[in-house]
Amino acid sequence: MDELIGNVTDATIDEYATSPAAVVVFGIANCDGCALMDGVLADLAPKLNGRVRFGKAKMHVPGACREIKKRYFFETYPTTHLYAQGKLVERKEGAVDAADLDRAIRTLLLKN
């Protein structure tokens, strides 16, 4: 995984969820929308490096996201969570294009 996009697991989810500004995409293998989100994160992460923390949770990896699945409900994959100041402020289901996610980040996470 790209060095600007972290691997989110049960052990690291709280680091993202309590960040001042973070985006986490929850996805599974063999998911076309999840593959699209890889490109979106790869596009945005370098542009917002240092201002927003980006991560991806591989929900299909056995045992890696068991607690995440208990904490959050996922109706579909990919699901994207935006965290601001330690709070979940937005949940987007399905693939989101880079322009829409960038706009949401700037509006919800980088208000100042």
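Q: What makes the largest nonpolar core a core, and which of its residues touch the most other members?
A: The term stands for a set of buried Ala, Val, Leu, Ile, Met, Phe, Trp, Tyr and Cys residues joined through side-chain atoms within 4.5 Å, and the largest such set has 21 residues, of which Val23, Val52, Phe54, Leu82, Leu101, Ile105 and Leu109 touch the most other members. At least two residues of this core come from each of strand 2 (21-27), helix 2 (32-47), strand 4 (79-84) and helix 4 (98-109); helices (H or I, at least four residues) and strands (E, at least two) are DSSP runs, numbered from the N terminus. A second, separate core has 15 residues, including Ile13, Ala57, Ala64 and Ile68.

Q: How do you know which features of the model may be discussed?
A: The model is predicted, and local features need pLDDT of at least 70, side-chain atom pairs count only at pLDDT 80 or more, while totals for chains, interfaces and linings use all residues. Residues are numbered from 1 along each chain as its sequence is written, and side-chain values use heavy atoms, with hydrogens and water left out.

Q: What makes the peptide bond from Tyr77 to Pro78 cis?
A: The bond has omega near -5 degrees and is cis, and Pro78 is found in the loop between helix 3 (66-71) and strand 4. Most residues other than glycine have a negative phi, and most peptide bonds are trans.

Q: How do you know how compact the protein chain is?
A: The protein chain has four helices and five strands. Its radius of gyration is 13 Å, close to the 13 Å that the globule rule gives for 112 residues, so the chain is as compact as a globular protein of that length; the radius is taken over C-alpha atoms, and the rule is 2.2 Å times the number of residues to the power 0.38.

Technical notes: Buried means under 20% relative accessible area, exposed over 50%, partly exposed in between (1.4 Å probe, protein chains only).
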